[in-house]
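This briefing covers helix packing, the strand hairpin and the aromatic contacts of one protein model. Please read it alongside the sequence and the structure shown here.

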Amino acid sequence: MLTTLAAARSMRATRPGLSTTRVGAVIGRNVGALRSGPSYWIVLVSGFFEPLLYLLSIGVGVGALVGDLTAYGRTMPYAAFVAPAMLAVSAMTGALAETTFNVFFKLKYAKTYEAMLTTPVRPVEIAFGELTWATVRGSLYTAIFLGVMVALGLAPVGGALAAFPATILVSLAFGAVGLTISTLMRGWQDFDLLNTGQFAMFLFSGTFSPVQNYPAWMEVLIQVTPLYHAVELVRGLSLGVYGLGLLGHAAYLLVMLAAGLWFAARRMERLLCP
């Protein structure tokens with residue numbers, strides 16, 4: 001086994017750069033796991049329903065009591081305000097679920113990545129492969145969710161098409177951060193902290209109420225969080241509210257993606273190739 005690992009490390013050293021073929025091999029492994037049994041499909045599909053249920057219960061149900069809402073200089077049904085936020089949450093949830101729980105299990109317990117390293121695959125290619133697969137999962141959620149929004153009359157077709165690329169960026173950004181978090185986790189108990197932080201962002205990122213309704217200090221705090229920028233970007237595009245602010249939200253997510261992926265790749269290199 002040691003001889004095999006030494007040979008694989010030597011082979012990786014002679015293959016500098018990033019290989020799309022080897023990244024594709026990591027993605028192919030996940031596709032193979034998807035085909036292996038129904039359990040993964042159940043987990044995959046279940047992640048879509050949480051934001052959908054929130055949309056139906058709060059956006060539509062509570063929205064019937066709230067009535068119309070004034071935001072972004074226009075008046076709109078409450079459900080139309082909440083729906084893009086749930087879309088951003090759906091992209092975040094899909095990406096984080098894949099790059100935290102699943103990656104942590106493969107990294108710490110299943111030793112899947114150690115097996116991959118007996119091939120020419122490098123840690124950075126594992127990171128890119130897992131991020132790409134997480135983005136596919138997040139995009140699957142958002143594509144279906146956009147169809148629901150259009151069917152319910154909560155977004156025009158043009159707005160849905162404009163918002164979809166933004167949801168891909170959201171999945172990439174949160175997926176990269178999820179990879180970093182997985183490399184820092186000490187055990188399953190740490191996921192309680194992750195879930196708490198994720199739920200807090202879900203409640204206080206302009207999802208159910210304009211951030212201007214909060215106290216000034218809380219509004220500033222919210223505007224620092226990543227889900228706020230994801231919600232504002234997706235909501236602006238889906239509602240057709242364009243402006244330079246959208247570029248700022250996109251830039252925030254791009255920096256988040258680059259920093260998260262860079263740090264995750266370095267951490268995987270350190271953990272898998274000590």
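Helix α10 (residues 226-239) packs against helix α11 (residues 244-272) at an angle of about 135°, and their axes are 9 Å apart. That makes α10 oblique to α11, a term for angles that are not under 35 degrees (roughly parallel), over 145 (roughly antiparallel) or 65 to 115 (roughly perpendicular). The model is a predicted one, in which local features need pLDDT of at least 70 and side-chain atom pairs count only at pLDDT 80 or more, while totals for chains, interfaces and linings use all residues. Residues are numbered from 1 along each chain as its sequence is written, and side-chain values use heavy atoms, with hydrogens and water left out.

**Overall architecture**

- The protein has eleven helices and two strands; helices (H or I, at least four residues) and strands (E, at least two) are DSSP runs numbered from the N terminus.
- Their order along the sequence is α-α-α-β-β-α-α-α-α-α-α-α-α.
- Of the 274 residues, 51% count as buried, where buried means under 20% relative accessible area, exposed over 50% and partly exposed in between (1.4 Å probe, protein chains only).

**Helix packing**

- The crossing of α10 and α11 is left-handed, meaning that the near helix is turned anticlockwise from the far one by less than a right angle; clockwise would be right-handed.
- Helix α4 (residues 78-108) also meets α10: their axes come within 8 Å and cross at roughly 125°.
- That makes α4 oblique to α10, and the crossing of these two helices is right-handed.
- Axes are lines fitted to C-alpha atoms, for helices over the stretch in contact, with angles from 0 to 180 degrees between N-to-C directions.

- Strands β1 and β2 (residues 74-77) run antiparallel and are joined by four bridges; two strands pair if DSSP finds at least two bridges between them.
- Ala71 has Arg74 of β2 as its bridge partner.
- Two residues lie between the strands of this hairpin, in which Tyr72 takes a positive phi near 60°.

**Aromatic contacts**

- The whole structure contains ten aromatic pairs, counted where ring centres of Phe, Tyr and Trp (its six-membered ring) lie within 6.5 Å; planes under 30 degrees apart are stacked, over 60 edge-to-face and the rest tilted.
- The ring centres of Phe199 and Phe202 are 5.9 Å apart and their planes lie at 35°, so the pair is tilted.
- Phe199 and Phe202 are three residues apart in helix α8 (residues 190-203), a separation of about one helical turn.
- Phe199 is partly exposed, with a relative accessible area of 41%, whereas Phe202 is buried at 5%.
- Phe202 and Phe208 have ring centres 5.4 Å apart and planes at 85°, so this pair is edge-to-face; both residues are buried.
- One aromatic cluster is formed by Phe101, Phe104, Phe105, Tyr109, Trp188 and Phe191.
- Arg235 lies over the face of Phe81, at 3.7 Å from the ring centre; a charge sits over a ring if NZ of Lys or CZ of Arg is within 6 Å of the ring centre and within 35 degrees of the ring normal.
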